[in-house]
Amino acid sequence: MTSLWVSAQTFTDKALQQSAIQLNTVNTEGDYDKLFKKFTETNTSEQSKAFYYAAVSMYLKAELLSKNPNESFIESNAIAAKYALAIPLSEQDPQEINILKGLITLQILQSGKHKNPVKGEQDLSGYILKSESDPNNPRLAILKAKLAEKSGNKSEAEIQYQKAKVGLETAPGWGNQLIPKN
């Protein structure tokens, strides 16, 4: 009986990783919803990772919807924030969590829907500062590129996007869909 449970647990942990890889290939609201459901309903020993990827899937869905911020955008962003905040920093890479929180915060700031933009800007600065321990992280470069875009600094944004692109080639993970295609 125990070996059956261990086998099932290993399968769900493997399924979690396979679903995480799919984050770079899906591109519709429905696909992101399906992945979110997998991450939130999967029985895994890596619950913090499941929450992280659930937050990523909702962030990416909101990013897809950000061209026309509506109720679905706000809801997806709020769900992403809820799951990102639920991850204990001690159980997951705190830098990655802070980058994700920064991206979620910046996303809602850019939409003009943030309830307290001054606090949002302060939180964003804090998330970036907490993420600087690995300046070569491609998702940190994406966050900095998006922030540079928001500030109107197109040349810095291009530099950071290029850094992210190179980083994702050597250290794969989600984020490719956030880099503009030129």
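Q: Where does Ser-57 lie?

A: This is a predicted model. In it, Ser-57 lies in helix H3.

Q: Is Ser-57 buried or exposed?

A: Burial is read from relative accessible area, and under 20% means buried. Ser-57 has a relative accessible area of 0%, so it is buried.

Q: Which residues is Ser-57 in contact with, leaving aside its neighbours within four places in sequence?

A: Ser-57 is in contact with Leu-23, Tyr-32, Leu-35, Phe-36 and Phe-39. Of these, Phe-36 lies in helix H2.

Q: How should I read the way H2 and H3 pack, and at what angle?

A: Take the angle between the axes, then the distance between them. Helix H2 covers residues 29-41 and helix H3 covers residues 47-65; they pack at an angle of about 165 degrees, and their axes are 8 Å apart. An angle over 145 degrees counts as roughly antiparallel, and H2 and H3 are therefore roughly antiparallel to each other. The crossing in which H2 passes H3 is left-handed.

Q: Which residues of H2 and H3 meet?

A: From H2 come Glu-29, Tyr-32, Asp-33, Leu-35, Phe-36, Phe-39 and Thr-40. From H3 come Ala-50, Tyr-53, Ala-54, Ser-57, Met-58, Leu-60, Lys-61, Leu-64 and Leu-65. By class, the residues of this contact of H2 with H3 are 11 nonpolar, two polar and three charged.

Q: Is Phe-36 buried or exposed?

A: The same cut-off of 20% applies. Phe-36 has 15% relative accessibility and so counts as buried. A C-alpha distance gives another view: Phe-36 and Ala-55 are 19 residues apart in sequence and 7.8 Å apart in space.

Q: What does Leu-65 touch, not counting residues up to four places away in sequence?

A: Leu-65 lies in helix H3 and touches Glu-29, Ser-72, Phe-73 and Ser-76. With a relative accessible area of 11%, Leu-65 is buried. Its C-alpha atom is separated by 25 Å from that of Gln-17, 48 residues apart along the chain.

Q: Where is Thr-28 found?

A: Thr-28 is found in the loop between H1 and H2. At 35% relative accessibility, Thr-28 counts as partly exposed. Thr-28 and Leu-64 are 36 residues apart in sequence, but their C-alpha atoms are 7.7 Å apart in space.

Q: How many residues does the largest nonpolar core have?

A: In soluble globular proteins, nonpolar side chains tend to be buried together. Here the largest nonpolar core has 43 residues. Those with the most contacts inside it are Leu-23, Tyr-52, Tyr-53, Tyr-59, Leu-60, Leu-100 and Trp-174.

Q: Which elements give two or more residues to this core?

A: They are helix H1 (2-22), H2, H3, helix H4 (71-85), helix H5 (94-111), helix H6 (117-131), helix H7 (138-151) and helix H8 (154-170). H3 gives the most, with nine residues.

Q: What is Tyr-59 in contact with, leaving aside its neighbours within four places in sequence?

A: The list for Tyr-59 is Ala-80, Leu-100, Leu-103, Ile-104, Gln-107, Lys-146, Trp-174 and Leu-178.

Q: At roughly what angle do the axes of H7 and H8 cross?

A: The axes of H7 and H8 cross at roughly 160 degrees and come within 8 Å. That makes H7 roughly antiparallel to H8. H7 passes H8 in a left-handed crossing. The residues of the contact of H7 with H8 divide into nine nonpolar, two polar and six charged.

Q: Which residues make the contact of H6 with H7?

A: Begin with the axes again. Those of H6 and H7 come within 11 Å and cross at roughly 145 degrees, and the crossing is left-handed. The contact is made by Glu-121, Leu-124, Ile-128 and Ser-131 of H6 and by Leu-140, Leu-143, Lys-144, Leu-147 and Lys-150 of H7. By class, this contact has five nonpolar, one polar and three charged residues.

Q: Where does Asp-123 lie?

A: Asp-123 lies in helix H6. At 25% relative accessibility, Asp-123 counts as partly exposed. The C-alpha atoms of Asp-123 and Lys-101 are separated by 8.9 Å, with the two residues 22 apart along the chain.

Key: Residues numbered from 1 in each chain as written. Predicted model: local features only at pLDDT ≥ 70, side-chain atom pairs only at ≥ 80, totals over all residues. Heavy atoms only, no water. Axes fitted to C-alpha atoms, helices over the stretch in contact; angles between N-to-C directions. Helix = DSSP H or I, 4+ residues; strand = E, 2+ residues; numbered from the N terminus. Parallel < 35°, antiparallel > 145°, perpendicular 65-115°, else oblique. Left-handed = near helix turned anticlockwise from the far one by under 90°. Contact = heavy atoms within 4.5 Å. Nonpolar A, V, L, I, M, F, W, Y, C, P; charged D, E, K, R; others polar. Core = buried A, V, L, I, M, F, W, Y, C linked by side-chain atoms within 4.5 Å. Buried < 20%, exposed > 50% of the residue type's maximum accessible area, 1.4 Å probe, protein only.
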